[in-house]
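Colleague: Please put the model on screen, and we can go through its local features one by one.

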Amino acid sequence: MIEDSTATAAPIHCCLLRLSALGDISHVIPVVRAVRRTHPDWRLTWVIGDAYWPLVRDLDGVEWLVYDKRGGLPAFWRLARRLRARRFDLLLHMQTSLRANALSAFVRAGARIGWDRARSREGHGWMIDERLREAPPQHQVQGFLAFARHLGCAAAEPDWDLPISPAARRFAADALPGGQPTLLISPCASRPARDWPAARYAAVARFAIEELGLRVLVCGDRSGRAHRAGETIAAAHPAIIDLTGRDTLEKLIGLLDRASIVLGPDSGPLHLANALGKPVVGLYAATQSARSGPYHSLEWCVDRYEQAARRFLGQPASALRWGRRIERPGVMELITVDDVTERLHAVAGRIGLRRPA
């Protein structure tokens, strides 16, 4: 446990190490907010992957050490030298990947705090000298907030206050002019095994337009998988807007903020939508919504993880290790179109969306 810096001669300098991925980067934001609120004089330096830095670069009071993950060993050693030249009072080691653990070896810090044993892997335990307390099965957001609580911060619930750039707002206003309620579909997860069939998204998109009177926008990255999904969904109705491959992470924030409801599988965009206060219909079968669903929209998720555990592993979900993935062919097909349209209809009713007369 770190003492309050008011008792020391100089402010605590804290290094946060979390390189990726999108959803987990969003989970670190409430940690930063909590530390800044409780210890406003602390200096914060965040070591982050370059692909995700645009999401958080406007956070107040944070210095950035940005890692070019595509730069290979030269980029690794450039960052390692920068880290070795610094001295920190405290390291929050929030990532257990082999690359992050290797980088952490170059962080000189008086105290090194990391995950508990159950969540450590790939040598993480060798890189830290303090562990978070062992915790019962919990949502990932609460897992990250445990770092803030370890530092004496009041952090029972997350506070995101996600920054949105003026450029992102302009892009979203141009893409979605007027005030028509909009369903944003982000169909692809980082792992293909978590994707729901594009043809089923297409059926849901038609329902949203014809039965709920929603405008529908589909977005995704520049991968062939995302483009194929976007084309399949857009073909379902001429009114569907397909921006697949045309938005950046910064622009995605603007689109999510302008949306009324967001739909997709276990993926980073769902967590960003949650951070912006949007209702999210998340689709879960390969993973558990209770662990990695959109934090404030768990009631709207379609979760077939229990069914997947019994069908593909022959066990109830309670018998599996918390966080076990069931990324098997066909697992996401356990979710039906009716499952999703029912949930979408319920969300639209809850937030007061009605089909125009």
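Predicted model: local features only at pLDDT ≥ 70, side-chain atom pairs only at ≥ 80, totals over all residues.

Modeller: Residues are numbered from 1 along each chain as its sequence is written, and side-chain values use heavy atoms, with hydrogens and water left out.

Colleague: How many of the residues of α1 are buried?

Modeller: Helices (H or I, at least four residues) and strands (E, at least two) are DSSP runs, numbered from the N terminus. Helix α1 covers residues 22-38 and spans 26 Å between its first and last C-alpha, close to the 24 Å expected at 1.5 Å a residue; the expected span is 1.5 Å times one less than the number of residues. Buried means under 20% relative accessible area, exposed over 50%, and partly exposed in between (1.4 Å probe, protein chains only). The helix is largely enclosed by the rest of the structure, because the number of its 17 residues that are buried is 14.

Colleague: Which peptide bond is cis, and what is its omega?

Modeller: Ala21 sits in the loop between β1 (13-17) and α1. The cis bond joins Ser20 and Ala21, with omega at about -10°.

Colleague: Which residue forms a salt bridge with Arg70?

Modeller: A salt bridge is a side-chain nitrogen of Lys or Arg within 4 Å of a carboxyl oxygen of Asp or Glu, and the structure holds 15 of them. In this pair, Arg70 is in the loop between β3 (62-67) and α3 (72-84), and its partner, 20 residues away, is in the loop between β2 (43-49) and α2 (53-56). Arg70 counts as exposed at 71% relative accessibility. The closest N and O atoms are 2.9 Å apart, and the partner is Asp50.

Colleague: Is Arg194 buried or exposed?

Modeller: Arg194 meets Glu327 in a salt bridge of 3.0 Å, N to O. The pair links distant parts of the chain, 133 residues apart, with Arg194 in the loop between β7 and α7 (198-210) and Glu327 in the loop between α12 (305-313) and α13 (337-350). Glu327 has 22% relative accessible area and is partly exposed. Arg194 has a relative accessible area of 10%, so Arg194 is buried.

Colleague: Which residue forms a salt bridge with Arg304?

Modeller: Arg304 lies in the loop between β12 and α12 and its partner in helix α13, so the pair ties together parts that are 35 residues apart in sequence. The closest N and O atoms are 3.1 Å apart, and the partner is Asp339.

Colleague: What is the phi of Glu122?

Modeller: Glu122 lies in the loop between β5 and β6 and is partly exposed at 45% relative accessibility. Although Glu122 is not a glycine, its phi is positive, at about 55°.

Colleague: What is the phi of Asp161?

Modeller: Asp161 is in the loop between α5 (140-150) and α6, and counts as exposed at 55% relative accessibility. Asp161 is not a glycine either, yet its phi is positive, at about 45°.

Colleague: Where is Cys301?

Modeller: Cys301 is buried, with 6% relative accessible area. Its C-alpha is separated by 9.7 Å from that of Leu344, 43 residues apart along the chain. Cys301 is found in the loop between α11 (289-292) and β12 (302-303).
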